[in-house]
Structures are given as C-alpha cells and as structure tokens.
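Biologist: I have just opened this one and would like a walk through it. Could you take me from the overall layout down to single residues?

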Amino acid sequence: MKGRTVDLVKVDIEGAEIDLFLKADNETLLSARQFTVEFHDFWYPELRDGTEQVKDRMRELGFWTMRGTPNNKDVLFVHPDHQGSGWQRLVVGAGLRNLNGAGRALNLGLRKIAGKG
C-alpha cells in the first residue's frame, strides 16, 4: 500500500481485528482515511483489553474515535487529515449515536456546508 490512500476500510473479522490493528505498521494504518470496525468484545469479554489497546493506538496515531453503539460493536476511526471541523464531528457523532436523529443531523450539516444554514 505504500504511497496509496484508501477511503474506507470496513473490518468485521470475528475477533481477529485486534491482531490486525496491533500488528499493522503505522504507515499502513495512516494510509486509510477511515476505518469502521465491529469489535467483538461484547460477545467475548476476554477481548476487551485488546479492543482498548487498539483504540488507544489509533488515538495515538491521531485518529478521531467514535463509538456508534454503547458497546464497541461499531467504532469509527477517522484519519487526522480528514476529520473536518468541530461542528462536522458533532454532526457525525450525533448521527452515529442516535440513528433516529441521523437524518436531521445530516440535513443540518449539509445545509451548513452549502452555506444555507
């Protein structure tokens, strides 16, 4: 992947995501703009420490981390160069945390981007 950028990596590999993130080199992880990950520590409590290690590593690399569920089932990591402004992160966070309000938040965010809000 040297010199290449990937827009989105979706990871759902039934517990093996911890090894993937802990063993990948920094350059590989930083070549992706976003990761969406389904961790499995909600099914397997013995994976919790590894899940937290991955989240800590991604934060150390500068990735913005957002859980989309109360557990770690859906976690979004956004590359430091593609995080947007504070209000954009707020809109994304609100949408991920409250699916019922996601449509309204997206509409508001798009209107602000277009300068109509």
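Modeller: The chain has five helices and four strands, where helices (H or I, at least four residues) and strands (E, at least two) are DSSP runs numbered from the N terminus. This is a predicted model, in which local features need pLDDT of at least 70 and side-chain atom pairs count only at pLDDT 80 or more, while totals for chains, interfaces and linings use all residues. Residues are numbered from 1 along each chain as its sequence is written, and side-chain values use heavy atoms, with hydrogens and water left out.

Biologist: In what order do the elements run from the N terminus on?

Modeller: They run β-α-α-β-α-β-β-α-α.

Biologist: And what is the order of the strands in the sheet?

Modeller: The four strands form an open sheet in the order S1-S2-S4-S3, with mixed pairing; two strands pair if DSSP finds at least two bridges between them. At the edges are strand S1 (6-11) and strand S3 (64-67), each of which pairs on one side only. On average, neighbouring strands of this sheet are turned by 15° against each other, direction ignored, with axes taken as lines fitted to C-alpha atoms, for helices over the stretch in contact, and angles running from 0 to 180 degrees between N-to-C directions.

Biologist: Changing topic, how much of the chain is buried?

Modeller: Of its 117 residues, 35% count as buried, meaning under 20% relative accessible area, with exposed being over 50% and partly exposed in between (1.4 Å probe, protein chains only). The chain exposes about 7400 Å², of which carbon and sulfur atoms supply 51%; these areas come from the Shrake-Rupley method with a 1.4 Å probe, and for residues only the protein chains shown count as cover.

Biologist: Which residues touch the most other members of the largest nonpolar core?

Modeller: That core has 16 residues, and the ones touching the most other members are Phe21, Leu29, Phe35, Val37, Val54, Met58 and Phe77. A nonpolar core here is a set of buried Ala, Val, Leu, Ile, Met, Phe, Trp, Tyr and Cys residues joined through side-chain atoms within 4.5 Å. Two or more residues each come from helix H1 (17-23), S2, helix H3 (48-60) and S4, and the largest share, three residues, comes from S2. In soluble globular proteins, nonpolar side chains tend to be buried together.

Biologist: How many aromatic pairs are there?

Modeller: The structure holds five. Rings of Phe, Tyr and Trp (its six-membered ring) pair if their centres lie within 6.5 Å, and planes under 30 degrees apart count as stacked, over 60 as edge-to-face and the rest as tilted. The rings of phenylalanine 21 and phenylalanine 77 have centres 6.0 Å apart and planes at 50°, so this pair is tilted. Because phenylalanine 21 lies in helix H1 and phenylalanine 77 in strand S4, the pair ties together parts that are 56 residues apart in sequence. Ring pairs also link Phe21, Phe35, Phe39, Phe63 and Phe77 into a cluster.

Biologist: Is phenylalanine 77 buried or exposed?

Modeller: Phenylalanine 77 is buried, with a relative accessible area of 0%, and phenylalanine 21 also counts as buried, at 1%. Leaving aside residues up to four places away in sequence, phenylalanine 77 touches residues including Val54, Met58 and Trp64, where a contact means heavy atoms within 4.5 Å.

Biologist: And leucine 29, where is that found?

Modeller: Leucine 29 is found in helix H2 (residues 26-30) and is buried, with a relative accessible area of 2%. Its contacts beyond four places in sequence include Phe21, Phe35 and Met58. The C-alpha atoms of leucine 29 and histidine 79 are separated by 8.9 Å, although these residues are 50 residues apart along the chain.

Biologist: Last one, what does threonine 51 touch?

Modeller: Threonine 51, which lies in helix H3, touches Ile18, Phe39, Asp41 and Asn72, not counting residues up to four places away in sequence. Threonine 51 is buried, with a relative accessible area of 0%.
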